[in-house]
Every structure is written in structure tokens, then in C-alpha cells.
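Hi everyone, thanks for coming.

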Amino acid sequence: MTLLSLKDVSLGFGGPKLLDGADLQICRGERICLVGRNGAGKSTLLKVLHGELTPDRGTVARAQGLKTALLPQEAPREPKGTVYDIVASGQPGDNRTVREENQKNSPKLSRQCDEVSQRKLNSMQRDLDTGVTWQLHRQIQAVISRMGLDEKAESSLLSAGHRRRVHLARVLLNKPDILLLDEPTNHLDIDAILWMEDFLLRSATTLIFVSHDRIFINKMSTRIVELDRGRLTSFPGNIETYRDRKEELIGNEESASAEFNKKLMREETWLRQGVKARRTRNEGRVKILMEMRDEVRRRRTRSGNVRLLVQEAERSGRLVADVADISLAFNGKTILSHFSTTIMRGDKIGIIGPNGCGKTTLLRMLLGEISPDSGAVKLGTHLEAAYFDQLREKLDESKTLQENVADKGETVFINGKHRHIIGYLKDFLFSPAQARAPISALSGGERNRLLLARLFTKPSNLLVLDEPTNDLDAETLELVESMLIDYGGTVLVASHDRAFLNNVVSSTLVFEGEGRVSEHVGGYDDWQRLRSAENEGTKPLLQRKKTKPQNATAAPRKLTFKEQRELDLLPEIIETLEEEKLTLYAAMADPALYKKAGENVQGLQVRLDQVERDLETSYARWELLEELSLTFKNL
């Protein structure tokens, strides 16, 4: 049964149309994933389906009595109150049909509607005291219980993930026929995402959702619909099927476009030679040529891919960070408890844990911005860090895109060359008009792209990324993954994107609760396999990747006092040798040195060879002692 359909729908806001003759049919029980480039108009389409926006042209046909509910990309600001208050404000009667008739996109009427909702909530609470709406009260309690929420909890104190649950409960109270979800997994931790997957699959509700989470898409979708240049194209099946079919369509489009361009060139050449006679045949040929010219003017080409080019600074020392028995607590809550690890140059480490557990705090501690209550974090030498902030606090809302990246300058310095800021921003798919406009009109994914553009103007050998995948479209996300895999420096990334972790990181730090952090080889799936093995009683493998020295054949045992002392001193010895090596490199790169006596050059070369041998010996000894220590602790 068709619940909702679009026929030849168009909608624009001054620029290229976001919807341009779009057609879509939604049937009961479908779970449709809406995909497309950032800024393509996916959120706008959801608002059209919900009735918040009226198209410029075309027909939106709804089944009689159809109710829709929209969970927006960013949770709306709610009045202060308990979870019960917020959920109850979405009581039956405050649905799309009422809002569609009253708002008509008018801010004044929208405010009046919100005031009416608040009065209704107050009236309902008075009725509750007299038992008039007891049945509704039980419905509210039931939906809150299904979300695993505490109805008395103050909403302003909840984590982003729990606030997401509150608003999902609010829209579900109306028992909508179609549930519209805009990036539902944003800011949710992995446990909350798994809960949402299970809940939505069991609810059997008709879904239209926008998401970048590839695992979530594969589990949830029965059909994928792509919004590209204003048109909607349907692809039955999962995301792999969509990609294969999409590549085929792109190939066909390119072939057809090339053939069209050849024909146009032939006709233009014919016209320039002059029409020999005003015969009917010639007049028809000229008319066809004019139509072809019009088609070229109307043609909307596919937007290109983002060009990600990270600037790598000189290599850091081999030791990036030595974390020794650190502990940290805030307001009586333990964040870290006796945590130790060693991060080496080239490591790509993922950080996993529930919202509010301390992932961002750990990242800032590894950057040296926060000091632990006890223990020590010793950073390596020659570190040049670039930090991607999940809250995008480094973007200034009062400035344009250009000013956010280059301040008041007209150029940026990229890999030894000056580039005009407009050309640089084009690499991140921003038009010249966008570059000079305030950032307030950008979508969430476009803001993430802008933050990446700003981040990569700075040379780095350590990338610290806090939830970098939120809102990014699939193509950009895959390019970020490829860039991180090829990056020669060290990567620390906190993410809830399971596919991203599987594809990028070589080891994980997992917050297990009560300040405990465990280390594991591989990505998210590897951690899950290890956890399953532990639950089944199978002895787990060593939990951290290390390159085992060839001479590490000693049986597991406790380190002697002398060996423990040596292990404690080795990081400092290695750091000193690394600094001396860099000093020698700099001296030997100075052309003035070779104008002096040749024996000075020879002496420096001899010392450099000795330092490099000492470094190899020190690293091998450090790895052997560290392996013995970790193996004994895991017995």
C-alpha cells in the first residue's frame, strides 16, 4: 500500500534546485535510506515529506489520515524539564497535520504553535491530577520505558545519546505511519546505535532515514534512494549493491554525454559553414541544434570528489607518547584508573567507549592539554599535532568560510606553495559564492568538510580526530579513510563509526567502565571477536600490537629490579638519541660545513652511524623488556 508519493516535485532557494522534477513512492513497511552528497538537499526532502516545506511545483500525495514524525539532524532546543515533560509535549494532537495547517513556514505562527503546545502540556498535567488523561499518562510511561529512560531525569543533564532517545520517544508517542530520521546515529555511542538498530527492526515502522553509517544502512535498509542533482533514483538492496549499480549508471551517463557532445560539435560545425538553402529540412536541423544548446545550458554536471591533501611535517621521534599509570577523576567520577600505554610513530589507534566516558579527555591528555591526577604522560620529540574537534568549536559563526580558513588573507601555504583560498576551498567542493558567505547556512557535513580544510592547512605528524565522520557523505568518508591509511604520521581517532574503525585503525583503546581502559589489536570487529572469546571462556590473545624482536625468546617472567629500572630509563635515552640524530642531520645539511676541513664531515658521519646503531639497540631492548612486562601481567 502506497502511503506517500511525490510526483514531479521541484524546490529551490535561489541557487540550483534541490529538488528538480523528483518522483518517489513510499509503501507501508519499507525502510528507505536516503543518500547523497552533503548539501544535496536530503534534509530538505525529509521536511517536504513531513509537510514542513511546500514544494514550488509538483504533487505530494498522502494517504488519508497519514501521520509522519521527524527526528531532525540536530536535536531541537527543548524547555527545561524532565524526560517525562519533553516526551509528553509530543502528545497526540500535536502532529504533522496540525502543524502543516497552522505554520505555513511562518516564524510568528511557529512560535504561537510552540506556545500552544506548552499550554496543552500544562493543561494535560492539571488533567493528570484529576485522572482525566490517565490512559495518555500510561502511554507516555510505556514509550519512555521502551527507550530505557528515567522519566524523572532532568533533560538538560543527559548525554547527547540519551537526548536523542528522548526526542525519538517524543515523536513515537504519536504512533506515526512514517518515521523520518535525519542522521539518527549522530552523537550516539556504539551501544546506543546497536540498541536503536534492534528497536527499529522490531518496531516494523515505515522508515525514511538519512545516514552515513554504512553498517547501520546495511542492517536497516530495504531500499536505497539517491538524491543527485535534484533527481531521485531508487536502488533495491544494500549499500554494496547500490555502489555497483551506481558505478554502472555513471559509466552509462559519461558515454551518453560524450556521444551527445560529439553530435553537438558536428552540428555547430555545420551551422558555421552556413545554411545553403532555407529548406524545411535545414530549418528543422537548426531547431534541433537550438534545443541541444538549451539542454547543455540546463545540464547539471556531477559534483567532483573532495581533494584531500594533508601536509605532513618532518617525522616525529619514534616514541610519540609514554603513558605511565595515569589516573583522573572529575566531580567524584573516575575517568581513568591506573592506565598505561606506549604510542609509537606510525600507530593508528582508535578509541572506543560510551558517550561521556572520557574519550575526548584522553585525547586532550595525550595532546598535553590536561594533566592527570597521578601518573605521567611523557610526549615524544618534534611532535606537530593537528586536532579535529567534534563540537566544531574552532569555527567562528560570525566569519565567512574564507575567513575561517585563511583569516583575513587571500592565500594559504600548502606543501611549500601559496594557493589562493578560493581555489583551495574548491578542492573541498565549496563554490566561490559559498567561500565568501557566512558559515551559518552550511549543513553539518559541509561544516565537517570546512573543518577538514582548515585542519589540513597546518603541517602535522600527529592527527588527533574526535568524531571526524559525523555528517560526512559516503564519498568524502571513503576519501578520509584512504588519506588516513596513507598518512605517514601517527593517528589517534575517537569514533563510533564501526566500518571506519575497521578500515583505518591498527589497534584500539576501549573504555570498559570505572576508569578501566583495555588495549586490543585491530579494529571494532576484532575487539568484538576478542570479547566474544572472553565471554565463552577462551583464553584471549595478547591485547596490544607490538613488533616482537627476533631475540625475544625468553620465557614469561617478572622483570628484575635492574631490568625494570632499565625499562624506565630507556624512553629518555631514546629521546636523547633521537634529538642528537636530528641535530647531526641538520649540521650535515648545511652547505657551509663542506667548505671546512673534510675530517669534520667524516667525524659527524661516524657519530651519526653510531647514534643510529645505539637507537636500534635501544629500541630492540625496550621492546623486549616491554614485551616481557606485558606478557607477565597478562598471565
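Predicted model: local features only at pLDDT ≥ 70, side-chain atom pairs only at ≥ 80, totals over all residues.

Residues are numbered from 1 along each chain as its sequence is written, and side-chain values use heavy atoms, with hydrogens and water left out.

Okay, cavities. Rolling a probe the size of a water molecule over the atoms shows where empty space is left. Here a cavity is a set of points, on a 1 Å grid over the protein atoms alone, where a 1.4 Å probe fits but cannot get out, and lining residues have an atom within 4 Å of a point. Grid points are joined across faces, edges and corners, and the volume is the space filled by probe spheres set on the points.

For the classes, Ala, Val, Leu, Ile, Met, Phe, Trp, Tyr, Cys and Pro are nonpolar, Asp, Glu, Lys and Arg are charged, and the others, Gly among them, are polar.

The second largest cavity holds about 40 Å³ of space. Which helix gives the most to its lining? That's α19, residues 561–588, with four residues. Helices, by the way, are DSSP runs of H or I with at least four residues, strands are runs of E with at least two, and both are numbered from the N terminus. Among the residues lining this second cavity are G317, L319, P571 and Y619. The lining divides into four nonpolar, three polar and two charged residues.

On to the rings. Rings of Phe, Tyr and Trp (its six-membered ring) pair if their centres lie within 6.5 Å; planes under 30 degrees apart are stacked, over 60 edge-to-face, and the rest tilted. The count is five aromatic pairs. Take F235 and Y242: their ring centres are 5.1 Å apart and the planes sit at 80 degrees, so they're edge-to-face. F235 is buried at 3% relative accessible area, and Y242 is buried too, at 8%. Buried means under 20%, exposed over 50%, and partly exposed in between, with a 1.4 Å probe and protein chains only.

Some charges also sit over rings, meaning NZ of Lys or CZ of Arg is within 6 Å of the ring centre and within 35 degrees of the ring normal. R165 does this over W195, 4.3 Å from the centre, and R449 over F430, at 5.0 Å.

Next, polar contacts: pairs of N or O atoms within 3.5 Å, where within protein one must be able to donate a hydrogen and the other to accept it, and residues adjacent in sequence count only if both atoms are side-chain atoms. E519, in strand β20 (residues 516–521), is buried at 13%, and its side chain meets that of T341 at 2.6 Å. N404, in helix α12, is buried at 3%; a polar atom of its side chain lies 2.7 Å from the backbone nitrogen of D396.

Last stop: helix α1, residues 42–50, is mostly covered, with seven of its nine residues buried. G51 follows α1, with a positive phi near 95 degrees.

How values were computed:
1 Å grid on protein atoms, 1.4 Å probe; cavity = no way out; pocket = protein on both sides within 12 Å on 5 of 7 lines; lining within 4 Å.
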